[in-house]
Amino acid sequence: MRLGEASRGTTRREVLRTLSALAIGGAAGCLDAGGEPGAAPARVSRVTGRSRVVLVRHRDVLRADGRPDASVLHRMLNDAVAALTEDRTPESAWRRLITPRDVVGIKSNAWRSLATPPELEDAIRREVIAAGVAPANVAVDDRGILDHPVFQRATALVNTRPMRTHDWSGLGTCLKNYIMFARRPSAYHHDACASLGAVWHLPHVKGKTRLNVLVMLTPQFQGLGPHSFSPAYVWPYGGLVVGIDPVAVDATGARIIAAKRREHFREERPISPPPHHIEIADTRYGLGVSDPARIDVVRLGWQDGALI
């Protein structure tokens, strides 16, 4: 059973309001129908020029102690992947993305205040192995990826991190999560990390990403200064944004953050610096769609407080 009914689209008023607040668009990731199993999937439909993302939420994914319920989170992930690929079962969906021949690096995020949940890392790893990949050919890492033997041999990447405000890039996103693939990450910090999209064209990265999972279980919508974190600026959203197009995934997450900031501050409060690396990843680097009018957002599960 899926977590809920799917709905699509966005309103013009919502689009204009988000562009005003963030100076970016929202977007989504898409698989071409009939794509080859395990091949690096198309980020944008070649037929329609649109992208597709899945927003999945569950009211019970967070336990009383604030940690994710592993079984609920795993089911959310699988429902999202099946909805993304439009496969009947999660098993066939994962086999469309990953083949037994692959060597898979799961790029996580270890920031101490808001890390990728180990429960999600484990769920992704288990599904990759269930798709036929040998356990020795699967690894989860963040800061050591350039020297990790599995990542050095990787034919496929799965990208996952929590969404949060960020002092250098405006937002810490799936696009930004790949900065650790650069030998000199500081080279990409200029102009609010505008050139992050270039990292995705590095030879050891380009064309390998099969899935992006933006964690929005307890996203951070406000921060002041480097490495800023406050429990006052996170909330139990209980969601994941899942897609093949990283621009799409990030822009959809950014719309949610913008809406939460309006709700919290009761006014437009643009993120500073503006997270324009998302739009630039589209317009300069060709990594995906950043036009909200070309979004197909599939919504699963809990709808209360979805914000978009």
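1. The chain as a whole averages a pLDDT of 88, and 86% of the residues score at least 70.

2. A word on ground rules: this is a predicted model, where local features need pLDDT of at least 70, side-chain atom pairs count only at pLDDT 80 or more, and totals for chains, interfaces and linings use all residues. Residues are numbered from 1 along each chain as its sequence is written, and side-chain values use heavy atoms, with hydrogens and water left out.

3. Now look at strand E2, residues 104-107 (strands are DSSP runs of E, at least two residues; helices are runs of H or I, at least four; both are numbered from the N terminus). Val-104 and Ile-106 on one side are buried, and so are Gly-105 and Lys-107 on the other. Buried means under 20% relative accessible area with a 1.4 Å probe, protein chains only.

4. What does E2 pair with? Strand E3 (residues 138-141) runs parallel to E2 over four bridges, and strand E4 (residues 156-166) also pairs with E2 in the parallel sense over four bridges. Pairing takes at least two DSSP bridges. Val-104 has Val-138 as its bridge partner in E3 and Ala-156 in E4.

5. Finally, Ile-257: leaving aside neighbours within four places in sequence, Ile-257 touches residues including Met-163, Met-216, Trp-235 and Ile-271.

Terms used:
Contact means heavy atoms within 4.5 Å. pLDDT is the predictor's confidence in each residue, from 0 to 100. Buried means under 20% relative accessible area, exposed over 50%, partly exposed in between (1.4 Å probe, protein chains only).
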